[in-house]
Amino acid sequence: MNPTIELLKSHRSIRKFTGEKIPPDLLRELIRAGQCAATSNHVQAYSIIHVINPDNRRKIAELAGGQSYIADCSDFLVFCADMRRSTDAAGRAGADVVRGMTEQLLVATIDTSLMAQNVAISAESEGLGLCYIGGIRNNPAQISEILRLPEHVYPVFGMCLGYPDQNPEVKPRLPVEAILREDYYSDARDEELVAGFDRTMNEYYRERTGGNKDTTWSEQLKPLFTSKLRPHMRDFLRKCGFEMK
């Protein structure tokens, strides 16, 4: 395989970092590489907040579920879906702007995700480690207040960046056959393939923890689908101006 594919297949979440700081010029290059990701209609519907203030990082760490590495990593970024800049620009150009559409929410969220993944890959190519922080959405209103986010902007996730101080194994993924369908959607083999993946994940968890974690992929999914996950997000997004019309 070529080096790019090998790099992509070697991704791990890093939650322990050395004290070494990322050079500012390198961080800027990572963001520039992120901007080169595909973007719907060239809207570029994202903004990134580089959280430098230590107090704010500690507050965000607690609001995101007590994830201390938010405060400890070299650099912490919050990736925001941003429809404010582009709709304001269209308005100044003379458009009678319609805001808050569901499609706008989708475009901004997808643009932001693609941009962030470019940043992630670029960072790993430079020997950096990273961890996405979906816990940003645990308390999005409070975090938006800390970051002074305006209407039509919302925080999608955070990203810890730094030089790794750990070397975890690559976590297994579902077999390609479980996700790649030919011509039509078919789940005829899902039960068989998931059962095999459960065995793979059970072995992974047991080896990683010295036998202290005896579970499977399917078992790990149960908490996600037996309660309403972050039910506050719908009202929060509406208050952000995404009326989902």
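This report covers the domains and pockets of one predicted model.

Residues are numbered from 1 along each chain as its sequence is written.

**Two domains**

The chain is assigned domain 1 (3–169) and domain 2 (170–230). Such bounds come from an automatic or database domain assignment. Over C-alpha atoms, the centres of domain 1 and domain 2 are 27 Å apart. Domain 1 puts 10 residues into the contact, and domain 2 puts in 5. Contact here means heavy atoms within 4.5 Å.

The size of an interface is often given as the accessible area lost when the parts come together. Between domain 1 and domain 2, about 560 Å² is buried. Buried area is the accessible area (1.4 Å probe) that two parts lose on being put together, summed over both. Carbon and sulfur atoms give 42% of that area. On the domain 1 side, His 11, Arg 137 and Glu 169 supply 72% of the area buried against domain 2.

**Two pockets**

A pocket is found on a 1 Å grid over the protein atoms alone, as an open set of points where a 1.4 Å probe fits, with protein on both sides within 12 Å along at least five of seven lines; lining residues have an atom within 4 Å of a point. Points are joined across faces, edges and corners, and a volume is the space filled by probe spheres set on them.

| Pocket | Volume |
|---|---|
| Largest pocket | about 910 Å³ |
| Second largest pocket | about 170 Å³ |

The largest pocket is lined by 27 residues, and the closest to its centre are Ser 13, Arg 15, Lys 171, Arg 173 and Tyr 205. Helix 9 gives the most to this lining, with 5 residues. Helices (H or I, at least four residues) are DSSP runs, numbered from the N terminus. Domain 1 and domain 2 each supply at least three residues to the lining of the largest pocket.

The second largest pocket is lined by Arg 137, Tyr 154, Leu 229, Arg 230, Met 233, Arg 234 and Leu 237. Helix 11 (residues 233–239) brings the largest share of this lining, 3 residues.

Methods. Predicted model: local features only at pLDDT ≥ 70, side-chain atom pairs only at ≥ 80, totals over all residues. Heavy atoms only, no water. Helix = DSSP H or I, 4+ residues; strand = E, 2+ residues; numbered from the N terminus.
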